[in-house]
Amino acid sequence: MNRQNTTVVKLAETAILAALCYVVFTFLQIKIPVPGGDATSIHLGNAFCVLGALLLGGWYGGIAGAVGMTIADIMDPVYITVAPKTFVLKLCIGLITGLVAHRIAKINESTDRKYVFKWSIIASAAGLAFNVVADPLVGYFYKQFILGQPQQMAEVLAKMSAFATLFNGVISVILVGFLYNAVRPALIKMQILTIRPREAHHV
């Protein structure tokens, strides 16, 4: 497959993952109301952003999460005002996950299942740990200084968001660890995922 065809395939796969992010966040979330008309939620949308980064690389996974979940925010009157924040944070989740998985661990150059499993978990945890810290922190400043929300309300939302984001992150790491390592052998067999093994890894 030439480079142009590979890019087209990756873009198509990115679109599918973006759609999954949108569907999972929009229809499977548990919304938790916050005083003042805001809300936070329990959801697994970030899991498919991370899954995309493991399968396709940081940029493609990040774009899938950013596009899918930003559209979900735009379509929801409760979240529409935070759509720009969502785009940036989801892109960062993908980039960090991809950095650890593909630049540091180079999981697409290994056929060692234990090595790949370990680093897929570490990479997922790295991307989602960033989100656990950044989402409530950025949300606090965004709500207060960009949207002009009173400080007390912004603090309440940030605290509730921190707990929800931590819960989402833990569940997402477990889910992604299972999904990625379950589908990886099948994708390699179908030549959708290309592995270029070098020497054995001992990290």
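These are my notes from a first look around this predicted model.

**Ground rules.** Residues are numbered from 1 along each chain as its sequence is written. Because the model is predicted, local features need pLDDT of at least 70 and side-chain atom pairs count only at pLDDT 80 or more, while totals for chains, interfaces and linings use all residues, and side-chain values use heavy atoms, with hydrogens and water left out.

**Confidence.** I looked up pLDDT, the predictor's confidence in each residue, from 0 to 100. The protein has a mean of 92, and 95% of its residues reach 70 or more. Helix α4 has the highest confidence, at 98, and helix α1 (residues 3-28) the lowest, at a mean of 89. Helices here are DSSP runs (H or I, at least four residues), numbered from the N terminus.

**A83.** I found A83 in helix α4, which covers residues 83-104. A83 counts as buried because its relative accessibility is 5%; buried means under 20% relative accessible area (1.4 Å probe, protein chains only). Beyond its neighbours within four places in sequence, A83 is in contact (heavy atoms within 4.5 Å) with T70, D73 and I74.

**Q149.** Next I visited the loop between α5 (113-146) and α6 (151-189), where Q149 is found. Q149 is buried too, at 12% relative accessibility. Its side chain makes a polar contact with the side chain of D38 at 2.5 Å; such a contact is a pair of N or O atoms within 3.5 Å, where within protein one must be able to donate a hydrogen and the other to accept it, and residues adjacent in sequence count only if both atoms are side-chain atoms. A polar atom of the Q149 side chain also lies 3.3 Å from the backbone nitrogen of A154.

Note on methods. Helix = DSSP H or I, 4+ residues; strand = E, 2+ residues; numbered from the N terminus. Buried < 20%, exposed > 50% of the residue type's maximum accessible area, 1.4 Å probe, protein only.
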